[in-house]
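Okay, thanks for having me, everyone.

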Amino acid sequence: MHVVVIGSGIVGAGAAYYLARKGAEVTVVDGGYPGEATGAGAGIVCPWVDHPEDDAWYRLTREGARHYPGLVEELGEDIGYAKVGALLVAEDPVDLEPVRALLRRRHPDAPEMGEITDVATPSELFPPLSDTLSALLVPGAARVDGCSVRDALLRAAVAQGARVRRGVATLTPGGQVVLHPLARKAVDERWNPEATEEERWSPQDVDEQRSREAAGQGPASHGVGAVGRADEAGVQDEGPASVGEEPAGLRQGPVGQSQGPAGQSDAPVGQGDGMAEQGGSWRQGAPLVPAAPPSSTATRAPRPEGDGEPIEADRVIVAAGAWTGEVCRPLGVELPVFPRRGQIVHATLEGVDTAWWPMVLPRVGPYLLGFPDSRVVVGATVEDVGFSPRVTMGGLAEVIEAGLRVAPGLFAATVTEARVGLRPVYAPGRALIGPVTGRVVVATGLSAYGLTAGPFTGELAAALALGEEPPIDITPYAPA
Ligand SMILES: Cc1cc2nc3c(=O)[nH]c(=O)nc-3n(C[C@H](O)[C@H](O)[C@H](O)COP(=O)(O)OP(=O)(O)OC[C@H]3O[C@@H](n4cnc5c(N)ncnc54)[C@H](O)[C@@H]3O)c2cc1C
């Protein structure tokens, strides 16, 4: 069976890996769109503190987290995965009680979270932290490097015969894939370590691509750390960002000032995720669904060039992240998937070993993660501003200011990078995994949980495409 996977973020790469492992013929197509979420993701894998009111969501993220140790072993390479633990921090220790109760309730079915302990002085474990904080330690929480996971999955898929092609994929009404060329080199070293110097990106490629974009021709450059480019839609519509949507990252900020997709000014943001009110959630403030359903004009996929080349396939998996609705439109289905922008800052603390610091998940404010090479990651904004993958002054200011309030010891850290990504959000609120036609399966909508559940979701999509029974019941994620 030949399966075409559209999108090689963490979900598409996961699907390709599991398909290839099962002996399917696989072609992965990616247009390298700026704003790909996987390259910007922070890397928190700590599902037990979220979705107390939604068992189906929780099950997907819990299984996704559970999936990692086996995957790390299978891939046999460093994907930045480490069980460093999570410090749930709050100014007032009373605020830790609801999440303590939630973790206690979930522990019997998820003992991998480890034994929860109180930490009197969290700054002993994460030195830059403010010394006014109280904390609980969740030892089973892990961090992961999204780019490394994606790349390792693609490499493993390629090693088992999968083909990766660069280009913009479109679908015909019957679900056939048409590949349109990119106006740039076709090989990307991220999955092909043997790419020659000529095949790799050069600054000239980027300049050339930017000129093309400015002229409205074709997609923009891809890349980790890509800071996007001026995007005529949405620029004037953007309001203040909110910081800290990722798993357990949370925020009591100007969420209500954010805007709905497509930049509808002054649209009230959807309700909080309701967890705080239910007395168990760690996360609060981040809206789960947009204020208004995204309009069809909200999507901004690059215009495909030329007639394109049909790719014969028995099945198609659309794992095109925030662009999934646009890709599926020719099938006659409207999937309300929209982009939720996140801006995130990377900094280094010269000479400090940050590799094994636990991640910090405040009840209010941004999250922080330590990585090897003295790197600390602080994120992220939560913005419904349409397809506008840009790093903004306001976004950076919010992340940095809020980060310094939680961790004043980062004051002198060197800012090395700012990343931006578009989290794919499915308006009904959960992940979106299932068939949309007899031959096309979609897998997206993982919003702030895609690095946690992405590879597992890829496995679910692969099983569906091959007509196999998925490892968990996927009916809760079926297209509405
Ligand atoms: C700032 C930030 C922090 C985050 N932190 C965390 C975290 O700590 N933990 C966590 O679990 N999750 C986190 N997330 C969420 C996670 O990153 C996303 O949910 C996940 O990466 C989504 O993966 P995806 O494969 O669905 O989409 P993407 O990674 O966006 O990939 C979609 C791909 O499809 C391609 N594509 C689209 N349309 C076409 C087309 N027509 N033809 C060809 N190619 C196409 C694009 O080029 C892109 O490469 C974070 C996200 C952001 C932005």
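Before we look at any residue, one cut-off: a residue counts as buried if 20 or more other C-beta atoms lie within 10 Å of its own, and as exposed if 12 or fewer do. Also, keep in mind that this is a predicted model.

So, start with histidine 51. You'll find it in the loop between strand 3 (44-45) and helix 2. Is histidine 51 buried or exposed? It has 25 C-beta neighbours inside 10 Å, so histidine 51 counts as buried. Its backbone deserves a look too: phi of histidine 51 is near 55 degrees, which is positive, and this residue isn't a glycine. For background, most residues other than glycine have a negative phi.

Now hop over to aspartate 373, in the loop between strand 16 (367-371) and strand 17. Aspartate 373 isn't a glycine either, and its phi is positive, about 65 degrees. But what about its surroundings? Aspartate 373 has 9 other C-beta atoms within 10 Å, so this one is exposed.

While we're on backbones, most peptide bonds are trans. Alanine 380 sits in the loop between strand 17 (375-379) and strand 18 (381-382).

Next, the helices. Take helix 2, residues 55-75, and helix 8, residues 450-465: they pack at about 75 degrees, with axes 7 Å apart. Angles of 65 to 115 degrees count as roughly perpendicular, and therefore that's what we call helix 2 and helix 8. Who makes the contact? From helix 2 we have Leu60, Thr61, Glu63, Gly64, Ala65, His67 and Leu71, and from helix 8 there's Thr452, Ala453, Pro455 and Phe456. By class, that contact has six nonpolar, four polar and one charged residues.

How many residues surround the ligand? There are 48, and the closest are Gly7, Gly9, Gly321, Gly342 and Gly450. Several elements give two or more residues to that shell, among them helix 1 (10-21), strand 2 (25-30) and strand 14 (337-348). Helix 8 gives the largest share, four residues. And if you sort the shell by class, you get 25 nonpolar, 19 polar and four charged.

That's my tour, so over to you for questions!

Notes: Residues are numbered from 1 along each chain as its sequence is written. This is a predicted model: local features need pLDDT of at least 70, side-chain atom pairs count only at pLDDT 80 or more; totals for chains, interfaces and linings use all residues. Axes are lines fitted to C-alpha atoms, for helices over the stretch in contact, and angles run from 0 to 180 degrees between N-to-C directions. Angles under 35 degrees count as roughly parallel, over 145 as roughly antiparallel, 65 to 115 as roughly perpendicular and the rest as oblique. Two residues are in contact if their C-beta atoms, placed from the backbone, lie within 7 Å. Ala, Val, Leu, Ile, Met, Phe, Trp, Tyr, Cys and Pro count as nonpolar, Asp, Glu, Lys and Arg as charged, and the others, Gly among them, as polar. A residue is near a molecule or strand if its C-beta atom, placed from the backbone, lies within 6 Å of it.
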